[in-house]
Amino acid sequence: MSVRDQGQPAWLVGPGGAMAWLLQRLSGFILIILLATHLLLLHYGGDQQLVFASVTIRLKTLLFIIIDTGLLALGLYHGLNGLRNVVLDYDLSRRAGSVLTTVLWIVGIFMTIYGATALYSFWAGRGVFGG
Amino acid sequence: MPSMYHQVLIVGGGLAALRAAIEAKDAGLGVAVFTRVHPVRSHSVAAQGGVNGALANAEKGADDTIEKHAFDTVKGSDFLADQPAAITMTADAPKRIIEMEHWGCPFSRTSDGKIAQRPFGGAGYPRTCYAADKTGHALLHTMYEQAVKRNIKVYEEWTVLSLVVENGVCRGVIALDLRDGDIHPIGADAVIFGTGGTGRVYGRSTNSIIVTGSGMAIAYQAGVPLKDLEFIQFHPTSLFGNNVLITEAARGEGGYLRNVNGDRFMEKYAPKAMELGPRDIVARSIQTEINEGRGFPGGYVALDLTHLGAQKILERLPAIRDISINFVGIDPIEKPIPIQPGQHYTMGGIDTDVDGATTLKGFYAAGECACVSVHGANRLGGNSLLETIVFGQRAGAHASQYVKGNGRGRPSEDLLFDKLHEVRGRWERLRAADGPEDPAAIRDEMKATMIEKVGIFRDAQKMTDAVETVKRLQDRYQKVHVNYRGRRFNLDLLRTFELGMKLQLAEVIARGALDRKESRGSHARTDYKDRDDANWLKHTMAHHTPGGPRFDYKPVEITKWQPEARRY
Amino acid sequence: MSITDTKPQLKGQNVATVNIFRYDPSTTDEAHYDSWQVPITGSMTVLDLLFYILEHEDGSLAFRYACREAICGSCALYVNGTYRLACKTQLKDLKATEINISPLPHLKVIKDLVVDMDPFWEKYERIRPYLITRDDLPEKEFLQDPADRLKMDDMVDCILCGACYSSCPQCWTDPEYLGPAALVKMNRFTVDTRDQANQERTKIFDNEHGVWRCHTIFNCVEACPKDINQTYSIQHLKRRAVARRFGGK
């Protein structure tokens, strides 16, 4: 039909994606720095032996903990938000989009906590495991 | 299926049509626009140089006034314009231009932020407001945006085939939906045409391919007289080869015209105004240079912008540069553009008053399809865009008033369907047409005849030939064949139908021109070289009869300025 | 000199093979390409070619046309694998003896080269494509610095031909995505110093069918026959959306 009704649809008011987009860029930028530092420290810094003892020492060092926590959390955010963007390209409904975002947040938070327990086991557990 | 009905039905999607639609919608009426192409594809979009209004924004134009604008218009028209109409247009000009600015039109700006104005041919002051060299594009897109804002219903790719008239009152139209080939009757309380000019009756035209004159022909067939149709403007500068328009702004910004010897020949023809003489004079000067052997081989002269410098060209004339590079491979920053005069504008048209009203009640026209008359025998550059926004608004306002006072509501189904059957009958006969004649050959011959014999320079012999040729072509058209009989998007059939209307208009143009035994504005006869105010200071009125046009004449309204010699 | 019609005289020696997409959904015929041998002349454009075929070979061919000078936006087509305006594409510039002409991809075909542009126009209408002012209008024009006017320069050149919309992979997968042309129009109004509706405008483009669907693929920029940088406009809108989150305008 050649006649088209002009007008404003109701769906226009959206949740917005500005913060997600900004965080994606920020996390990407910080990840580059963290990754570079991580590689430098691991391969060129101090004790480079990959033995349990040196790992435990690293995990008791505040700088390592900060860098690795950053890598963990930001890497997860960056990756999962990237995944979300790929899936959203397939024209999900408003509801499916929200479900996806919620699920990814839960996955992300769980993985961060799970990863953190490993990271912090020596730091927090200096008392627990001795050391 | 019951017929459609709209209180105000607008035909056309260009500036005048949309402006009328906006006015009627704002008056609270039910409005619909029927247009052969999407509104932003309309020919208004191709206007380049600008729109005139005495805003006095330019330094050199500080003491410009409405009255001076009106006088320039009347003098430019070779005194054939109706002076009250010219005054009305120029008085409305600042209002309408400011309104377009308030609606968002991206005009170019002066250093203090006002709408920029440039000099144009035949004008005493820089009063042509512009948006680079894409003013028509800027205005039309802005106008369409306003139509979208108002949620005006647009029927795209519908073309009107006929008016519906009942006892001397226009009651609707019969229209074709190009996409499925169905023909529909549509009732209306008022119909406003903004259907554009007749450019494509001519060869060597700067106009869009859709500028077929159909609107004028439909009005003419419904008994509305056509006024001054023999006055056809030839634009001095169209690109040599395909006749794409090269705006007058190129000269307004300081471009020179040079012949093969490199001379600025305009000093012979308009020593004061030079390249900025009015269009009829500059076009004739160029053609004279070419005819007398001072053109370049093939028949063109050079439009030299090289001295303007890259910055000015890039800023003020970017579209011209694109066109030139694209179509002839010449960058005007480095080399002159090859140009020749080309058919550009139809000064005449459907006879209307300053409110767009015609002799047919409930039927209005505005823009190039109408003849108010403000352009008389020669239109000034920048006045056509102005005409569309001024008289579009006036026609919309007056039609709304008419509908509120005299609206009769839905016309009877009998009336609409009787007319539908008649039009559909004609359409179906053409769809089945299986004669020996090729419509493309007829079209080509018509265009060649018109530009050659009713062109820039005219005489009795050539025009008599033209009238005979057009008559012969009309006869051949009766034996035409169409190549495609399908319904959906049948361009072959539509173009053949339009050809029939073009041939009618060609006859009106050629006969009107032949009868007018003087030279005035764009109508330049080598056998009657002078203007003859004693006998010919009058409007030609062509009335439709089955045997061809019947002519009579109407006096010109001269209220302020007595005709004088035109020197520039 | 005698004035003659300048329609190309098709007596040239060169012949091109032209393949044109044909489809009429109202018939049972399947979509296919028809081929013709067409004599070509020096400055002949793709549009001239289509008219040649319409007038001399096949009256059933459907295509859109109007201005033939690259300003009306009617004739965007897919020619030899590139988005082009038929009217400004000269055959000699294609540097090919075989010319393939298809309608704009990813839009519904009405007939042959004529596509249904409604999805494109719907997006255009959604972004409120008109100047919105709140304060009383000045008596004369709004004053606008030439430098501010310059910011709109690229965007106001858009002829709404639909090439970018047809070329954008995001438009293919997400029919609700506003698309390059509408977002350029949006940016044109957000940078216009006269417009006073930035709040509302942000809501329209700052959502998952708005600017965030653009992954800077640049197909639109490559397709655009008017050399408009759509991606720049979209990135500008993204920055504006972020700025608004932090209280910017």
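# Notebook: buried spots, cores and a helix crossing

I began with B:Val33, which counts as buried because its relative accessibility is 0%. This is a predicted model, so I read everything below as a property of the prediction. B:Val33 sits in strand β2 of chain B, residues 31–35. I listed its contacts, skipping neighbours within four places in sequence: B:Ile10, B:Gly12, B:Leu18, B:Ala21, B:Ile152, B:Lys153, B:Val154 and B:Tyr155. I also looked up a distance to B:Arg258, 225 residues apart from B:Val33 along the chain, and got 45 Å between the C-alpha atoms.

**Entry: B:Ser400.** Is B:Ser400 buried or exposed? It counts as buried, because its relative accessibility is 3% and the cut-off for buried is under 20%. I found B:Ser400 in helix α11 of chain B, residues 383–406. Leaving out neighbours within four places in sequence, B:Ser400 is in contact with B:Glu23, B:Ala24, B:Ala27 and B:Leu29.

**Entry: the cores.** Next I went for the nonpolar cores. The largest has 222 residues. Those with the most contacts inside this core are B:Val191, B:Phe193, B:Ile350, B:Phe363, C:Leu50, C:Phe63 and C:Ile101. Which helix gives this core its largest share? It is α15 of chain B, residues 491–515, with 13 residues. From chain C, this core takes at least three residues from each of domain 1 (14–115) and domain 2 (118–245).

I picked B:Phe363 and wrote down what it touches beyond four places in sequence: B:Leu163, B:Cys170, B:Val191, B:Phe193, B:Ala219, B:Val224, B:Ile350, B:Gly356, B:Ala357 and B:Thr358. There is also a second, separate core of 26 residues, with B:Val244, B:Ala250, B:Leu257 and B:Ile323 among them.

**Entry: α15(B) against α1(C).** I then checked how α15(B) packs on helix α1 of chain C, residues 46–56. The angle is about 85° and the axes are 10 Å apart. That makes the two helices, α15(B) and α1(C), roughly perpendicular, because 65 to 115 degrees counts as such. Which residues meet here? From α15(B) I noted B:Leu491, B:Asp492 and B:Arg495, and from α1(C) the partners C:Phe51, C:Leu54 and C:Glu55.

I stayed with B:Leu491, which lies in helix α15 of chain B. B:Leu491 is buried, since its relative accessible area is 2%. Not counting residues up to four places away in sequence, B:Leu491 touches C:Leu54, C:Leu61, C:Ala62, C:Phe63 and C:Tyr65.

**Entry: chain C domains.** Chain C is divided into domain 1 (14–115) and domain 2 (118–245). I get 30 Å between the C-alpha centres of these domains of chain C. Their contact takes 12 residues from domain 1 and 12 residues from domain 2.

**Entry: chain A.** Last, I turned to chain A. How many helices and strands does chain A have? I count 4 helices and 0 strands, running α-α-α-α from the N terminus on. Of the 131 residues in chain A, 34% are buried. Chain A exposes about 8,100 Å², and carbon and sulfur atoms supply 74% of that area. For contacts in chain A between residues at least 6 apart in sequence, 74% join residues at least 24 apart.

Conventions. Residues numbered from 1 in each chain as written. Chains lettered and ligands numbered in written order. Predicted model: local features only at pLDDT ≥ 70, side-chain atom pairs only at ≥ 80, totals over all residues. Heavy atoms only, no water. Buried < 20%, exposed > 50% of the residue type's maximum accessible area, 1.4 Å probe, protein only. Contact = heavy atoms within 4.5 Å. Areas by Shrake-Rupley, 256 points an atom, 1.4 Å probe, with all protein chains shown as cover. Core = buried A, V, L, I, M, F, W, Y, C linked by side-chain atoms within 4.5 Å. Domains from an automatic or database assignment. Axes fitted to C-alpha atoms, helices over the stretch in contact; angles between N-to-C directions. Parallel < 35°, antiparallel > 145°, perpendicular 65-115°, else oblique.
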